Amino acid sequence: MAALRVCRRWWCSASSSVSSSPVSRWEKVRNSKIGVWCRSLLNDYKEACRDIVVGAREKPGKATFYIALLGSAGVCGHLNPTEDSFESSFLEASNKLLLLSPWVRSGVSNEHVQKLAKVQNQGRLRYLSLVLVSVVYETPFDRDSMIYEAQCPHLKPRWLQFPERILDVGFFGKWWVLRSKMFDFDINDDEFRHLPQHMRTLFPGQLHSEENEQLYLEKFKTVILTERDVQEAELQKSSGIH
């Protein structure tokens with residue numbers, strides 16, 4: 001009996017010592033307010049991901065649409081042109097026009113590039129990134145201008161006037177306004193303004209049509225006149241003499 005009492009006391013003292021042992025640091029952090037908030041947040045995200053997976057299995061078409069939409073947005077954001085790319089495109093367009101004679105340059109291309117150069121030299125060219133697209137626009141004054149009109153907030157342009165000041169729009173790695181203005185930059189439309197209206201514009205189908213090919217080959221053939229053609233020519237000649 002004495003040995004049993006000793007064992008019981010030893011067991012009680014050991015259990016009390018274990019219960020009174022200090023709590024670890026991880027347990028303190030886990031049971032704190034921040035730990036409880038983080039666990040609840042992770043559980044919420046876990047439930048949300050589970051709902052997404054279940055919804056994708058139930059409606060695969062809708063899930064595919066959203067995945068494609070997110071993928072397209074990611075690609076557009078990755079290919080969003082930067083300010084350096086606009087500078088590069090602008091310099092490339094300027095060099096292309098400088099290699100041409102003023103009589104050959106397109107008036108639309110030359111006017112747009114000259115306007116960009118003027119705005120840039122005056123320090124009024126601005127670049128704005130909208131994550132998926134980029135915008136290049138002009139401002140009324142230089143960034144370092146200290147005149148009253150440039151510093152007064154009541155005289156600054158309104159946001160409703162912003163579309164009028166846009167010079168170019170960058171999307172999917174290209175600057176589309178500059179690209180459209182530089183189309184046929186080596187063709188001066190003023191050279192053809194004296195021609196009739198139907199001869200000022202040629203479509204690609206007219207340049208490579210079968211009718212043009214046949215007319216081109218006809219000029220190499222020998223001219224053969226029948227007796228009727230000879231008689232008509234003599235009659236026209238005699239009528240012209242009289």
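Me: Is Phe 172 buried, partly exposed or exposed?

Reply: Phe 172 counts as partly exposed, because its relative accessibility is 41%. The cut-offs are under 20% relative accessible area for buried and over 50% for exposed, with partly exposed in between (1.4 Å probe, protein chains only). Keep in mind that this is a predicted model, where local features need pLDDT of at least 70 and side-chain atom pairs count only at pLDDT 80 or more, while totals for chains, interfaces and linings use all residues. Residue numbers run from 1 along each chain as its sequence is written, and side-chain values use heavy atoms, leaving out hydrogens and water.

Me: Okay, and how many aromatic pairs turn up in the whole structure?

Reply: Searching the whole structure gives six aromatic pairs. One of them is Phe 171 with Phe 172, a tilted pair with 6.2 Å from centre to centre and 40° between the planes. To pair, rings of Phe, Tyr and Trp (its six-membered ring) need centres within 6.5 Å; planes under 30 degrees apart are stacked, over 60 edge-to-face, and the rest tilted.

Me: Which residues make up the aromatic cluster?

Reply: Phe 86, Phe 90, Tyr 127 and Trp 175 come together as one aromatic cluster.

Me: Switching topic. How many salt bridges are there?

Reply: The count is three salt bridges, taking a side-chain nitrogen of Lys or Arg within 4 Å of a carboxyl oxygen of Asp or Glu.

Me: Which residue does Glu 138 form a salt bridge with?

Reply: With Arg 124, and the closest N and O atoms are 3.2 Å apart. Glu 138 sits in strand β2 (residues 134–138) and Arg 124 in the loop between α6 (107–121) and β1 (125–129), so the pair ties together parts that are 14 residues apart in sequence. Those helices (H or I, at least four residues) and strands (E, at least two) are DSSP runs numbered from the N terminus.

Me: And is Glu 138 buried or exposed?

Reply: Glu 138 is buried, at 15% relative accessible area. Arg 124 is buried too, with 15%.

Me: What does Glu 92 pair up with in a salt bridge?

Reply: Lys 96, with 3.8 Å between the closest N and O atoms. Glu 92 and Lys 96 are four residues apart in helix α5, so about one helical turn separates them. Glu 92 is partly exposed at 45% relative accessible area, and Lys 96 is partly exposed at 36%.

Me: Where do Arg 228 and Glu 232 lie?

Reply: Both are in helix α11 (residues 227–241), four residues apart, which is about one turn of the helix. Arg 228 counts as exposed, at 63% relative accessibility, whereas Glu 232 is partly exposed, at 37%.

Me: Back to α5. How far apart are Ser 94 and Leu 116 in space?

Reply: They are 9.9 Å apart, C-alpha to C-alpha, and 22 residues apart in sequence. Ser 94 belongs to helix α5 (residues 83–98) and is buried, with a relative accessible area of 17%.

Me: Last one: where is Asp 186?

Reply: Asp 186 is in the loop between α8 (176–181) and α9 (204–207). Its relative accessibility is 40%, so Asp 186 counts as partly exposed.
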